[in-house]
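Q: I have a structure open and want to learn how to read its features. Can we go through them step by step?

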Amino acid sequence: MAYMHYGRNALRQIVKDVNVHNHDRLMPPLLYAGQGVRYRKLEVILTTSIDKLGKSGETVKVAAGYFRNHLMPKLLAVPNIDKYAYLIREQRKIYQPVEQEFQVVKKTDKDMTKEYEKAANRLVNSRLVLRRLIDAAKFRTRATKDDPVELRTPVTKDELVAEVARQLCVHIEPENIHLPTPLSTFGEFEVPLRLPKSIPLPDGKVHWTLQVKIREEPSSFQLAKRDNGILLISNVFFFGELLISNV
């Protein structure tokens, strides 16, 4: 009994002795076999791409705790075994998008000419309608009632180009419009157009023109007056129906 007690104390002293190197210490066989299990990494297959780890379908090594607590519950990765590897390969074949090649078809000169001709015919067969305010000062100082009513702000080339793009969906340049002076009065006008000679003219046309009509834009006073008139008429009809119903 004394020998056993002495031997146990000797083993404890050898294990605790700091002067003894690690490889000279006596370690239990089970504890020695378990060393490194905590730091051993697992090979897993990623099901989705993860930043700083890898892309979907790649095999990476991660810590066991990271795989058990984060990747596996969220189905972000599966163990690297044959059945999971086979399933991942088959799913990638099914869901991986197939890259399609698109061929860019360049438009020929004939196609471009047809588009230009279509746009030019739209300009000729349509009418551009603009609304502008009256110049009140010049309207009061007119000599006769037959004198043209002038606009508060004249219509320029840039405004015509913008309205053509907005109303007719045709893009032209200011150089395509021949307008020596801006339009400053109300009425209908034929504005000459400068288009390429390769575009054939329609039947009965000598040159390209754009039909422009400038109408009066109602002022805020006129709008209020019109709204009051509508309200007055509606009130008259309402009271008339009320009187008829009472009778």
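Q: Is T209 buried or exposed?
A: Buried means under 20% relative accessible area, exposed over 50%, and partly exposed in between (1.4 Å probe, protein chains only). T209 counts as buried because its relative accessibility is 5%. This is a predicted model, where local features need pLDDT of at least 70, side-chain atom pairs count only at pLDDT 80 or more, and totals for chains, interfaces and linings use all residues. Residues are numbered from 1 along each chain as its sequence is written, and side-chain values use heavy atoms, with hydrogens and water left out.

Q: Where does T209 lie, and which residues does T209 touch?
A: Helices (H or I, at least four residues) and strands (E, at least two) are DSSP runs, numbered from the N terminus. T209 lies in strand 8, residues 209–216. Contact means heavy atoms within 4.5 Å. Not counting residues up to four places away in sequence, T209 touches L123, V124, E190, V191, P192 and L193.

Q: What do these terms give for the protein?
A: The secondary structure comes to eight helices and eight strands. Of the 247 residues, 18% are buried. Take the contacts with a separation of 6 or more: residues 24 or more positions apart account for 52% of them.

Q: How do I read a pocket, and what lines the largest one?
A: The search uses a 1 Å grid over the protein atoms alone. A pocket is an open set of points where a 1.4 Å probe fits, with protein on both sides within 12 Å along at least five of seven lines. Lining residues have an atom within 4 Å of a point. Here the lining of the largest pocket is E115, Y116, A119, A120, L123, V170, H171, I172, N176, L195, P196 and I199. By class, nine are nonpolar, two polar and one charged.

Q: How much space lies in the largest pocket?
A: About 240 Å³. The volume is the space filled by probe spheres set on the grid points, which are joined across faces, edges and corners.

Q: V170 is in that lining. Where is V170 found, and which residues is V170 in contact with?
A: V170 is found in the loop between helix 7 (157–168) and strand 6 (183–185). V170 is buried, because its relative accessible area is 5%. Leaving aside neighbours within four places in sequence, V170 is in contact with A119, R122, L123, V164 and A165. V170 and L123 are 47 residues apart along the chain, yet their C-alpha atoms are separated by 7.9 Å.

Q: What about phi?
A: Most residues other than glycine have a negative phi. K52 has a positive phi of about 60 degrees, although it is not a glycine. K52 has its place in the loop between strand 1 (41–46) and strand 2 (59–63). At 89% relative accessibility, K52 counts as exposed. L75, also not a glycine, has a positive phi of about 55 degrees. L75 is found in the loop between helix 3 (64–71) and strand 3 (77–79). With 62% relative accessibility, L75 counts as exposed.

Q: Is T59 buried, exposed or partly exposed?
A: T59 counts as partly exposed because its relative accessibility is 45%. T59 has its place in strand 2. Leaving aside neighbours within four places in sequence, T59 is in contact with E43, V44, I45 and N80. The C-alpha atoms of T59 and N80 are separated by 7.3 Å, with the two 21 residues apart along the chain.

Key: Ala, Val, Leu, Ile, Met, Phe, Trp, Tyr, Cys and Pro count as nonpolar, Asp, Glu, Lys and Arg as charged, and the others, Gly among them, as polar.
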